[in-house]
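Look at the structure below with its aromatic side chains in mind.

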Amino acid sequence: MPRDIPPLAEVRRITEKKRDAWWTVMLVDPVATPLVRWTARHTRATPNQLTWGAFLVGLGSAACFAQGDWRWLLLGAALYHVSFIFDCMDGKLARLTGTGSVFGAWLDFVFDRIRVLVCSVALMGGQYARTDDVLYLWLALAVASLDSLRYIDSLEIFKIRHGMRKQIKARMRAARKAENQAELAFMEDLLRENPEADLETDRDTVAPLEPVAPLETTAADTAPLEGTAAQRSRPAVVDLHQEFRRRFPWWVRCRNFLLRHRIRAHLISGIEFQMGVFIIGPAVDAVVATTVVSGALLLVFELAIIYKLLLSTRDFTRTINSFEKAEPLRATTSVSS
């Protein structure tokens, strides 16, 4: 008997991420989400079973790649896409049915990395056997290395950003507790929740919040700690991407345009890199060209993220310094009163 599962529109709301890779949004979700609803209604499949299914189909893709012939490459590309659809379905099923687990997340991540490694060796090994061109062996090493670099870099950047936010929250909490003021918010969170916002012309679409730590540190930096009771009731905004937006003012509009379509601004991530190497390249029989182009684009976007992180650390330092400058002034004000 079919389980009671909500309509497709509600399933989309529950299972689809607010922002995702453009390949997923455009080429995977339209298929994966209805399949997840059907799977949840008519089967007892678990997210881990879908993870195993994605992994096994991925191994089938690698077996096709190893044959070297274009017809096998085309079949391998199709299987890789099917494998990725299953890979997206496991998380959606977990969110829809509430059956996710920590071990399932670990299994999904590990199987993804193994699939990329095995497919890299199979694809490039098959082409090497067909052509005796040693370039394919180097490409296999490059694909595996770039995939690892992307996910290691992503994890480290997440840890750094989390650490910066944690420190700022602790300082703000201590500063505002004495003033009986509201907690803070982060500009990046507000923009993510309000993709229609235009910082240049309509600040109210973000939120009527007080800014913290402007680019030039002055006595005004302490303003968020002072003010009327109404002002103190509003949370302050910490903007850790202020300098990046100042240097690239067009960025917010481009980012918000993409977010309105659920597409994240990191246009060439590990997902698009994999699809270029394992789907587009084999499908058009241009493995070398698509691998080189995909790898170069991945590196460009990774360097852009690292540069953005560098500017963000400068905003973080200015924010911390603003608290340190505000403390003596607040103490002086308390004594004089």
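Predicted model: local features only at pLDDT ≥ 70, side-chain atom pairs only at ≥ 80, totals over all residues.

Helix α5 runs over residues 102–131. With 30 residues at 1.5 Å a residue, α5 should span 44 Å, and its end C-alpha atoms are 44 Å apart, so the two values agree. After α5 comes D132, which has a positive phi, near 60°.

The model holds 13 aromatic pairs. One of them joins F55 and F111: the ring planes meet at 20°, and planes under 30 degrees apart count as stacked, so this pair is stacked. The ring centres of F55 and F111 are 4.2 Å apart. F55 belongs to helix α3 (residues 47–65) and F111 to helix α5, so the pair ties together parts that are 56 residues apart in sequence. Another pair, W250 with W251, is edge-to-face, with 75° between the planes and 6.2 Å from centre to centre.

| Residue | Relative accessible area | Class |
|---|---|---|
| F55 | 12% | buried |
| F111 | 9% | buried |
| W250 | 49% | partly exposed |
| W251 | 18% | buried |

Since buried means under 20%, W251 at 18% counts as buried.

W250 and W251 also belong to a cluster linked by ring pairs, together with F244, F248 and Y307. The face of F244 has K308 over it, at 5.3 Å from the ring centre. Likewise, R113 lies over the face of F109, at 5.2 Å from the ring centre.

Terms used:
Residues numbered from 1 in each chain as written. Heavy atoms only, no water. Helix = DSSP H or I, 4+ residues; strand = E, 2+ residues; numbered from the N terminus. Expected span 1.5 Å × (residues − 1). Phe/Tyr/Trp six-rings, centres within 6.5 Å; stacked < 30°, edge-to-face > 60°. Buried < 20%, exposed > 50% of the residue type's maximum accessible area, 1.4 Å probe, protein only. Lys NZ or Arg CZ within 6 Å of the ring centre and 35° of its normal.
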